[in-house]
Amino acid sequence: METMPTKGKFIVFEGTDGSGKSTQMKLLGKYLQEKGVPCYFTHEPTDSPFGALLRSCLSGRIDADEHAIALLFAADRIDHITNSVNGIRSKLEAGYTVLCDRYYYSSFAYNGGFVPIEWVKTLNAPAVDMLRPDLVIYLDLSAEASMKRVLRRGKTERYETQEKQKKIRENFYEVFKQLKDENIRVIKSEDDKFATQSHIRCAVEEILGDAWKKN
């Protein structure tokens with residue numbers, strides 16, 4: 001009799017711009033895969049048509065109102081969860097541990113800083129009801145350090161000013177206070193990326209349990 005795959009874990013990386021989310025997610029994924037944990041990497045905005053439109057808004061190629069951007073993020077997220085080909089739920093059911101760069105917390109912190117946050121919460125309520133992460137890793141970085149890292153890339157996007165990054169960081173902490181029932185770990189984004197990764201692995205090992213350590 002064929003056994004069904006064990007449902008995977010859903011791990012989200014959050015933080016301000018330049019906090020190292022993508023780097024840390026890749027390091028964690030490589031580590032888990034070496035331990036025999038199948039991983040699926042994803043991000044928001046997604047690679048869907050919704051996500052492509054959002055990236056044009058964020059880069060400034062399309063001039064869009066903040067309300068429209070918040071709506072697009074909410075739509076992109078629902079498709080991200082439910083898409084039958086590469087949606088988060090389908091990957092979890094197939095046994096993958098899903099590592100995601102940004103989720104609805106970013107909508108609350110970013111969009112919620114520029115339009116009424118209660119409206120943003122209403123937009124994202126379906127996503128919250130559909131799928132909450134097993135673990136949220138928030139990489140903490142000051143606005144000053146964030147902008148230093150962002151400016152190394154040579155160009156900035158919609159939210160990438162020191163004033164906005166400071167406001168967004170404050171918004172993240174306010175949001176976390178309101179989401180006390182969710183498993184959110186705040187980890188300092190250190191200059192030594194491997195030191196940061198060590199703290200992340202400790203948090204992840206707690207939700208994966210002992211079975212994966214056999215490898």
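**A tour of the predicted chain**

The chain carries 32 positive and 31 negative side chains, and the centres of the two sets are 3 Å apart. Each charge is placed at NZ of Lys, CZ of Arg, CG of Asp or CD of Glu.

The model is predicted: local features need pLDDT of at least 70 and side-chain atom pairs pLDDT 80 or more, while totals for chains, interfaces and linings use all residues. Numbering runs from 1 along each chain as its sequence is written, and side-chain values use heavy atoms, without hydrogens and water.

Next, switch to a cartoon view. There are 9 helices and 5 strands, where helices (H or I, at least four residues) and strands (E, at least two) are DSSP runs numbered from the N terminus. Their order along the sequence is β-α-β-α-α-α-β-α-α-β-α-α-β-α. The radius of gyration is 17 Å, close to the 17 Å from the globule rule for 215 residues, so the chain is as compact as a globular protein of that length. That radius is taken over C-alpha atoms, and the rule is 2.2 Å times the number of residues to the power 0.38. Along the principal axes, the C-alpha atoms fill a box of roughly 55 × 40 × 30 Å.

Now colour by accessibility. Of the 215 residues, 49% are buried; buried means under 20% relative accessible area, exposed over 50%, and partly exposed in between (1.4 Å probe, protein chains only).

Select Phe10, Tyr103, Tyr105 and Phe172, which have the most contacts inside the largest nonpolar core, a set of 35 residues. Such a core joins buried Ala, Val, Leu, Ile, Met, Phe, Trp, Tyr and Cys residues through side-chain atoms within 4.5 Å. Apart from it lies another core of 18 residues, including Ile11, Val37, Ile200 and Ile207.

Return to Tyr105. Beyond residues up to four places away in sequence, Tyr105 touches partners including Val12, Pro133, Phe172 and Ile184; a contact means heavy atoms within 4.5 Å.

Go on to Val186, in strand S5 (residues 184–188). Val186 is partly exposed, at 44% relative accessible area. Neighbours within four places aside, Val186 contacts Tyr138, Asp140 and Tyr173. A C-alpha to C-alpha distance from Val186 to Ala64 gives 32 Å.

Finish at Thr122, in helix H6 (residues 117–130). Its relative accessibility of 56% makes Thr122 exposed. Thr122 and Asp65 are 57 residues apart in sequence, with their C-alpha atoms 18 Å apart.

Technical notes. Lys, Arg positive; Asp, Glu negative; His and termini not counted.
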